[in-house]
Amino acid sequence: MKILIDIGHPAHVHYFRNFIKIMEQKGHSFLIIAKNRNITYELLRHYNIPFKKRKDYPSSLIGKLINIPLTDFMVIKNAMQYKPDIMMGFSGTHIAHAGKFLGVPSIVIDDTEHARLAHLSYKFFATHILTPECFKKNMGHKQIRFNGYMELCYLHPHYFKPDSKVMELLKIDKNEKFIILRFVSWNASHDVGHSGLSLAMKHTIVKELSKYAKVFISSEGELPKNLKPYQIKIPPQKMHDALAFATLLYGESSTMASECACLGTPAFFNDNDGRGYTNEEEEKYGLVFNYSESFQDQNRSLRKALELLKNHNIKQEFQSRCQKMLADKIDVTAFMVWFIEKYPESAKIMKENPDYQYNFK
């Protein structure tokens, strides 16, 4: 089988890398098309995944809209040469358009409810749409739900074991407490209208949390001069090891909050829209703490983080909660392998018997 995957974000590399490896071992082939947002190309090269480059989106909403047909044309052109049997992508506007134009099935995966522009751009063109069960939006008859999180594609125990050598890279003792702060750039199409944590609040967070543990900052954008000394300096592929051993994560990233949930590390997520998956990770498993971007909530979330840091058994408690979550969820990568290999029969099976997915635990 020939599979085309469009990758538009570093996280998408992680979503698909184990899937690609397993499918290649089974004799399937891939064409990966990717744009270089942040460290996407660096990750693809690290995991030895060959790819074709496509242009990044402009930062403005108008620029993003103009870029859609231009990127569609590039994907269609490459697909016509490659002749894939199926196309895949996360929030996959371009594979949905290309698939519709060429008569090739397209499987779009999504877990972000408020990405309304993206939904409008692919919903009517995709063949099927895969979402977690906790996704709080009805995408119509094309939607197929699975009981898992995208972060389990790479952080499920079947695929990931934390490497304690990351502590050496961080230049801290093995038993030393440390905290990771994550600041995002807020330039995605679904980030319009968001401001995130204020600069003053970022300084306050660093000052207060530093009283309890060493602080590292992971930031999509350029940090102010006085916060640069806190910038984490490890290879990007080692970030998940760092998250696994961190005392807690505090920031603006839903993906990293969910990654921590999958690793048993407490996570604080500040965002006005929230996500179905981080809500479930809080309400059902107690692994994530969700707050809005309001000044009041920024202060509330900081107070809660400081309260948690006074608990000396914090990691043991959250590891136990994580094990409960993992017992409930499926191996998302194994499910994807089956779904694509058996497609379109697999779509029919999931519509008629959703519990079939529990064969992939």
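How many bridges join strand β8 to strand β10? I found four, between residues 178-183 of β8 and residues 248-251 of β10, and the two strands run parallel. Leu 181 has Tyr 250 of β10 as its bridge partner.

The model is predicted, so I noted the rules: local features need pLDDT of at least 70, side-chain atom pairs count only at pLDDT 80 or more, and totals for chains, interfaces and linings use all residues. Residues are numbered from 1 along each chain as its sequence is written, and side-chain values use heavy atoms, with hydrogens and water left out.

I traced the sheet next. It is open, with five strands in the order β9-β8-β10-β11-β12 and parallel pairing. At the edges I found β9 (214-219) and β12 (288-291), each pairing on one side only. Strands are DSSP runs (E, at least two residues), and helices are H or I runs of at least four, numbered from the N terminus. Two strands pair if DSSP finds at least two bridges between them.

Then I checked helix α3 (residues 61-82). Its 22 residues should span 32 Å at 1.5 Å a residue, and the end C-alpha atoms are 31 Å apart, which agrees. The expected span is 1.5 Å times one less than the number of residues. I saw a kink of about 30° at Ile 68, shortly before Pro 69. That bend is the angle between axes fitted to the seven residues ending there and the seven starting there. Just after α3, Lys 83 takes a positive phi of about 60°.
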